[in-house]
Amino acid sequence: MLSRRNLLISGAALTGFAVLRSALSWASEPNESSDSAIFFKLSLLLTSRKHLSPVVAQRALHGLVTEDAQFLQNMRQLSTAMTHENITSADQLYGHPLMNGSFGDTAKKILSAWYLGYTGTPVPLRASDSTRFVTYTDALAYAPTLDATVIPTYSRGRTNYWVQPPVTIKND
């Protein structure tokens, strides 16, 4: 018979095991030539960030690969070309001939995923489109105004505020 004490001890042991397993999997760095590592390195360079979320990076990479079957190949070529051109910062890419054509398109896709928080192209008034969710609160588009605005994660109006049109709109 399972007592409350045994249940708590078993639960604590399983939780500890799960945390340890998770920590060990995060501690192991991916191979530097893996697609995940290449994407993460490109993301850091293109966004001019020192730190980005590895979880968000995995989501973005997955969304981009799902959207475009050639993305991994284009990403590897972009990384190789940037290494060959000795590009070490995003500032060096401004006006650089490397950003013309497919390299520029690949860089824009990476930046869009990080800044907008999704991949693909939204189609208005459609039930489905090619967009894939990456992140909401970690989207980099909110960072420039974070000192003045909050990330809009909740309604700022009262309950059902949207039912009545604003007083500035004339009702017919």
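Hi everyone, this is a short tour of a few local features in one predicted model.

Some housekeeping: because the model is predicted, local features need pLDDT of at least 70 and side-chain atom pairs count only at pLDDT 80 or more, while totals for chains, interfaces and linings use all residues. Residues are numbered from 1 along each chain as its sequence is written, and side-chain values use heavy atoms, with hydrogens and water left out.

Let's start with helix 5, residues 102–116. Helices here are DSSP runs of H or I with at least four residues, strands are runs of E with at least two, and both are numbered from the N terminus. Helix 5 has 15 residues and reaches 20 Å from its first C-alpha to its last, close to the 21 Å expected at 1.5 Å a residue; that expected span is 1.5 Å times one less than the number of residues.

Which residues of helix 5 are buried? They are Gly 104, Thr 106, Ala 107, Ile 110, Ala 113 and Trp 114. Buried means under 20% relative accessible area, exposed over 50%, and partly exposed in between, using a 1.4 Å probe and protein chains only. The cover over these buried residues includes helix 2 (35–47), helix 3 (54–67), helix 4 (71–84) and strand 1 (118–119), with contact taken as heavy atoms within 4.5 Å. Just after helix 5, Gly 117 has a positive phi of about 90 degrees.

Now for the rings. How many aromatic pairs does a search of the whole structure find? The search gives 2. Rings of Phe, Tyr and Trp (its six-membered ring) pair if their centres lie within 6.5 Å; planes under 30 degrees apart count as stacked, over 60 as edge-to-face and the rest as tilted. Phe 39 and Phe 71 have ring centres 6.3 Å apart and planes at 65 degrees, so they pair edge-to-face. This pair links distant parts of the chain, with Phe 39 in helix 2 and Phe 71 in helix 4, 32 residues apart. Both of these Phe residues are buried. For Tyr 136 and Tyr 142, the centres are 5.9 Å apart and the planes at 65 degrees, so this pair is edge-to-face too. Tyr 136 is partly exposed at 36% relative accessible area, and Tyr 142 is partly exposed at 23%.

Last stop, the loops. Ser 48, in the loop between helix 2 and helix 3, has a positive phi near 55 degrees and is exposed at 53% relative accessibility. Asn 86, in the loop between helix 4 and helix 5, has a positive phi near 60 degrees and is exposed at 55%.
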